[in-house]
Amino acid sequence: MNVQVAYCSHQSTPLALRERLAFASVEQLTRAYETLRATFPDSEHVVLSTCNRVEIYAAQDDTSAALTQEQVAEFLSRFHGVSQNDLAGALLWQKGPEAVRHLFEVASSLDSMVLGEPQIVSQVKEAYRVAQDNDACGPLTHALFQGAMRVSARVRSETALAVGRVSVASVAVGEFGKSIFDRFADKTVLVIGAGEMAEETLRYLKDEGARGIVVVNRSLERAQRLAADWNGTARPFEELDTWLSSADVIVSTTGSTEPIVDVARFQAARAASDGKPVFILDLATPRDFAPAVADIDENVFLYDIEALQATCEQNRRQRVREIERAHRIIDEETERFLHDIYHKATGPIISQLRAGWRKVCEDELDQLFAKFDRLDPEERQGIERSVERIVNKLLHPPLEALRDEARKGTPHGLLDALKRLFFTGQ
Amino acid sequence: MANVHVFCFFASYVVALGLEGLAVARRSGALRSLSFGFALAGLIAHTFYLVARSNAADLPPLLSSSHDWLLVLAWLAVVFDLTLSTILSAVGRGVPMGLFLLPVVLLLIGASDLVGEATSPAMSSATDAVRRSAEERALRGWGMLHASLLVFGIGGVIVGFLFSIMYVVQHRRLKHPRAVPNALSLPSLATLARLNWWSVIVSFPLLTLGMLTGVRLVYLSQQTQGPISFSDPLVVGSGVVWVLMVGFLVWLLRSDHVGGRQVAWRTIWAFGLVLATLLGLQVLFKGHTSAPAHRTTAAVEQSRSAEIEGTTRQ
């Protein structure tokens, strides 16, 4: 099995570069899949683009079609207009079993900013779904991503990795929001954007007692849907400035490629307010609020994804024991997955080999029984069993060698040898 | 009980403070419990010491001397620390109150050592129950009221000062989450601002009433063996501090749109100045000055024994 992954995440790449490499919209992803298909036609692909990571998974049946790090870097460089120099060192690379293990770790939220957050599982599922919609998946990526979902579920159920505050939104609300306000029931919550992150954040704010929820989105229909779900009010995007000045909590999760609130805009909003504390949660990538907004006055508390990193690291350290347990599960599952994949790869050859030899035996036995038609059924059965034993004994050494080799990876050389030895011309 | 010395509880509080700091650094509940234990042990020793002092002087600790008065203030601060820590732990908030309060407690105990242990002359004249006149009983009553109001007023100032420091620390952490690690679990800014406001609102009338009763006390002391002068540095200094408090309160009430951090910083400066002035005056002038030389508690005891002996012979 040939699997590769090129990735940059919050652990290795600054937010500024991740923002440039992100696939922020479905349209952008569709274009990316078209380009990948055109450039690497023999490869299956899944692109995972979240606030914290950009990852491109590729898999091929044929070893000669395997992608290289340079090829993926060139694709990213051309697609996003980022120079190769900027990518150097930031784009990490894994292949084979390490690539599989990496995906399992990502899906199990071991590589997340907030360890054990559930959001990443749905993001991986969504990435897989979008890849399917774009006909970018194949048997290998199907197996890989379905395996990742299974491993993620197992890690969650068998470890305490998902206990306590786990998502970016919950850490933001629980660690920072509750350090500013002592209650949320009397606060106006403005949600800009109507994506999944907005829902996640609203869930935690609701748990803390937030009632006055206003959703502003470019698509009023989506805003209305989200507002209805959370018993809030949907307002047109044109009213954004009005709500910026009256909101106590602002959650921004749009897919905009440029900041939607710059310093001048927010300064104007603050001038219209009474200078009360405002808690801004910019969970979008690229950022929706210009970083300098935080410096407008002492009561503006702005947090972007990167600002949450320190808190996430603290949580990570507290859960080291769970990480070790989760890693053990992932190692076990990676081995099992690879074994299954290699077994599937060698299975058809073994079946074909057995069927071919069985056919030869049956033909020869038919000729033999035609010549010796006086043999009684018991004698015939005895001869059939003897021939079967001979075939099994003869097949045993090559099949065992194939199994042994399969434990280390797809035994391409041995498979080719078997094909040439036994199925010449097929 | 008589063997308890200031060093006993001072050392306990130092250990408690060190453990509290370690508990914060290592996020250890066990160390925090140990710190609580040492602070509690210190409080018990502290209580024994004050009771012994009170018995020896035959006066409540608030009246006997500036030394005892400061130790009562420190005792109240420790009681506040332990009570609040217990309540916050019960509601799942492990706020390290001791990290902020215990340094002030140690400062108060240190100051108490510098002011000496002389009994207030005005009060020492009113210690003899047999010879106590109506004026002296009134003096003692006013003295008790004056000292109580001041001690609670200054307690409010200390608490407001510490809540303001907490506000500044919390504000800095929230504004610069990457620069300031989240090691301290502090109340929200809204809670700290509210507590700060209430500490000002409560301490100001207490200090004002303390000032007024002080004026009355100075007037009454004129008829005792140790009259207190209106030009007494402590009286003048307290008046200055009160004017400072008035100015701060007026600014606070008239500032509708001032940020919480600015309020906190001004509280730190104002209350810090109040504390520094009061403690400085106590240390420099060893309590209230008056015409007769101060009599020590032992001297009062000796004199009283002699008088009681004389009365018995008669």
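Residues are numbered from 1 along each chain as its sequence is written, and chains are lettered from A and ligands numbered from 1 in the order in which they are written. Because the model is predicted, local features need pLDDT of at least 70 and side-chain atom pairs count only at pLDDT 80 or more, while totals for chains, interfaces and linings use all residues.

**Stop 1: helix α8 of chain A**

Select residues 168-180 of chain A, which form helix α8(A). Helices (H or I, at least four residues) and strands (E, at least two) are DSSP runs, numbered from the N terminus. The end C-alpha atoms of α8(A) are 17 Å apart, in agreement with the 18 Å that its 13 residues should span at 1.5 Å a residue. That expected span is 1.5 Å times one less than the number of residues.

Of the 13 residues, 11 are buried. A residue is buried if 20 or more other C-beta atoms, placed from the backbone, lie within 10 Å of its own, exposed if 12 or fewer, and partly exposed in between. Among the buried ones are Val171(A), Glu175(A) and Phe176(A).

**Stop 2: where chain A touches chain B**

Show both chains. The contact takes 19 residues from chain A and 14 residues from chain B; two residues are in contact if their C-beta atoms, placed from the backbone, lie within 7 Å. On the chain A side, α8, β10 (300-304) and α13 (309-318) each give two or more residues. Helix α8(A) gives the most, with 5 residues.

**Stop 3: a pair of strands in chain A**

Select β6 (residues 212-217) and β7 (residues 233-236) of chain A, which pair in the parallel sense over 4 bridges. Strands pair if DSSP finds at least two bridges between them. Opposite Val216(A) stands Arg235(A) in β7(A).

**Stop 4: helix α9 of chain B**

Select residues 233-254 of chain B. Which residues of α9(B) are buried? Ser238(B), Val241(B) and Met245(B) are. They lie on the same side of α9(B), because they cover an arc of only 60° around the axis, taken from the directions from the helix axis to the C-beta atoms. Val243(B), Gly247(B), Val250(B) and Arg254(B), on the other side, are exposed.
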